[in-house]
Each structure stands twice: as structure tokens, then as C-alpha cells.
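Take a look at the structure first.

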Amino acid sequence: MTASVAAFIDITEEEQAQELKEYFASHGTLFGASEKGLCDVIRAVADSFSVCLPTATDEEAEALLNCIVSFSSALKQEDFLPVLKSLCRELSSKVTDENRQSRFQLLNVLFFVMDQDCPVRLDVWMALLHLSVDINWPLTVPVSLKQLNEWLVVWNVEKPKAREAYRVLHKVLRHLKRREASEVQVELLRTYSADEASTARDDAHQCVVDVISDPEALLLDHLFALPPIEVLRGTAIHELLTLFVTGTLSDYFTFYREHQDYIESQGLSHENNLKKIRLLTIISLAASSSEVTFDQIAQHLHLEEDKIEEFVINSIRARLIRAKINQKEKKVQFTSVMHRQFDRQQWESLHSHLSMWKMNITSVYEHLKSVVT
């Protein structure tokens, strides 16, 4: 017995498809004579979906969309995926000021009526994100790097498509002014090998701008491990990145005097850059000496003396340093510091500390064991 789509009316899929075909034909769609099978008819209907949109109400358009998607249970996945791709393409093309809100709503419906494991959801998701920026509407679909990475694995998405998805997500997160945008750019650059790195030059440039703009991104040395960043070597943006990894406030002032117009052209804020490089400079001071005077801090950070205590306290709150302020002697004593770079020296230091910790634990254990026995 032929199955039927009970979600609508108790008729066979072939009969329902024929009714859809007749409906679309009445709206000016021309169908070929070869479109006789269920799969052919549904694909032709999906390809012509936009024909009915100008005259259909929002309720009618949504009903038609649900009707077409309901055929997923009657067709094999490999036959139905082109139908879903066609629907996504029809809804995301020829978008105008007049129809973009209705297209956004229909794409939203399409995203949620599709099966969770359907890879075409990625296409619909990207179309929704593009439109959301254009019409400034809130999104009801997930907008996070974690979720996108999970989808890319589940749907076994190839690199070119994955890179496209990362760029779309980055665009939206920047529009929303979320700091995760810089993390998306880093993830995008990780998809490039050394052989492909030269093709990601623009992405690498944008990544550096994003991380420098991010006030919470202070440890940037990991970027140098990304092949596309190496492609930028010798450019002003690479020099600026190097400065934020190893340089000080004095180095930044030198760079700014020579590249003031460049800083502004990249959309970078000089004031925000100063705030970040001051924090990085206090880290360098703490790493080079366990104790510094207020005068030394004032000299290196270009701060007035009455601003020093507040700055040090804020650095402690940000967990960049651990320190004690000696107000009487006007000194700051550092007890620990976050490293700006984590290279071989830091790994060896960590290994030494862990080995010492292991030895101490073993000694305590052996002592307790001897007491018990």
C-alpha cells in the first residue's frame, strides 16, 4: 500500500505533488513533460517556489513551504537534498527591501522544519545570518563557534564550505559586537595549511585587526603558529602584532608616530591600543623584576603618580599579576605574573614545577605510609 503524508490530507504523495504542480502552474510556472515522477515534480516545484511568493500571503507561503518539506519522508535523502538546496537558493536570492523580512521568516521556518542531521541546514543557517545583518533582526538560530564546529563535524563539511561558514559567522558576530568574532577568525585560519596560506592573506589581516581590537585578548603569541599569519611577515600589521606580543608602550609610541594614518585606516582605536599595551607592559615589568618603584612604573607606563595604584589594582583584578603595593616606600612587589609568551622556556619551567610538586607529594605519601605501618 502506498504511504500518505498524514500531516496534511489523506491522499498519496503523488496526488499531493500533482496538486502542488497544478497550483504552481496556475501562478505561471511552466513544467516540462518529463516531470512525471514524484521526485521530478517536487524538485520542479521547489525550483519554482519564488514564483508564488510575490502574490502569496505570509501564511500561504509558509503552508506551501511546509507542504514541500513534508515530502522528505517519501523520498530518499539523496533525492530530497537537492529539493532543500533549491528552496534555500530560491529564498535567499532576489531579495529586495520589500521582501527581505518575509524571506527571513521563511528561511527561519525552513531551518527548523528540517531534520537535525540534514546538512542543508548549514546553507539555510548561512542565508539567515546574511539576512539578519541586512535587516538587523534578532536571530533565533544558534550563533556560536562551538555550535558551528559541531555541525561541521556531524555533516562532514569540506574545507571550502567550512571556511565560508566561518566567514559568515564572523560577519554576524562583528555586527553584534561580540568578542567571539576574533576567535572565529583564528579558527578559520587553522583550516589553512602552509601550502594554502597565501590564499588566506586577507583573512589573516582581518584576524590580526580583530584580536588587537579585542580588549580581553592579551595573549597573542599563538597566532604566530598559524601559517597565514606568517604570510603577513614584513607588513605593518605583522609588525603591530609582534609589538603586542613582545613590545612595550615605548615601542607602540614609536610605531604610532610612524603609522598614525595606518592605525586609523584599520579601524583601530589609539586609546584602546594604549590601554592594552599598558597592561602588557606591566606584565613585562613584573616578569623582569620582582620589585619596581612607582617612578619606574610612571616612566614605563607614562602614568601620573596618583594613577599608579589604581592601575596596579586593576591589573591584579584582571589576574595579569599578583602583587603587593608598598605605599610607604612607593614600591610594587610582584609575586607572580602571567607570561606574554608561552615558549620552550615556560614549558621547561612548568615541567620543573610539576616535577617538584610530584616529588613533594611522593615524599608526603611515603611519610604517611611509614607512620601508619
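A salt bridge here is a side-chain nitrogen of Lys or Arg within 4 Å of a carboxyl oxygen of Asp or Glu. Keep in mind that this is a predicted model. By that definition, the structure holds 14 salt bridges, and a few of them are picked out below.

**A pair with an exposed partner**
- Glu187 and Arg190 make a salt bridge, with their closest N and O atoms 3.0 Å apart.
- Arg190 counts as exposed because its relative accessible area is 51%, and the cut-off for exposed is over 50%.

**Around Lys331**
- Lys331 pairs up with Glu291 in a salt bridge, the closest N and O atoms being 3.4 Å apart.
- That pair ties together distant parts of the chain: Lys331 sits in strand 3 (residues 331–337) and Glu291 in strand 1 (residues 291–293), 40 residues apart.
- Lys331 also meets the side chain of Glu329 in a salt bridge, at 3.7 Å from N to O.

**A salt-bridge network**
- Arg179, Glu183, Asp214 and Glu216 are linked up in a network of salt bridges.

**A nonpolar patch**
- On the surface, Leu354, Trp357 and Ile361 form a nonpolar patch, and together they have about 340 Å² of accessible area.
- Ile361 belongs to helix 18 (residues 344–372).
- With a relative accessible area of 45%, Ile361 is partly exposed.

Technical notes
Residues numbered from 1 in each chain as written. Predicted model: local features only at pLDDT ≥ 70, side-chain atom pairs only at ≥ 80, totals over all residues. Heavy atoms only, no water. Patch = residues over 30% accessible without salt bridge, like charges linked within 9 Å, V, L, I, M, F, W, Y side chains within 5 Å. Areas by Shrake-Rupley, 256 points an atom, 1.4 Å probe, with all protein chains shown as cover. Helix = DSSP H or I, 4+ residues; strand = E, 2+ residues; numbered from the N terminus. Buried < 20%, exposed > 50% of the residue type's maximum accessible area, 1.4 Å probe, protein only.
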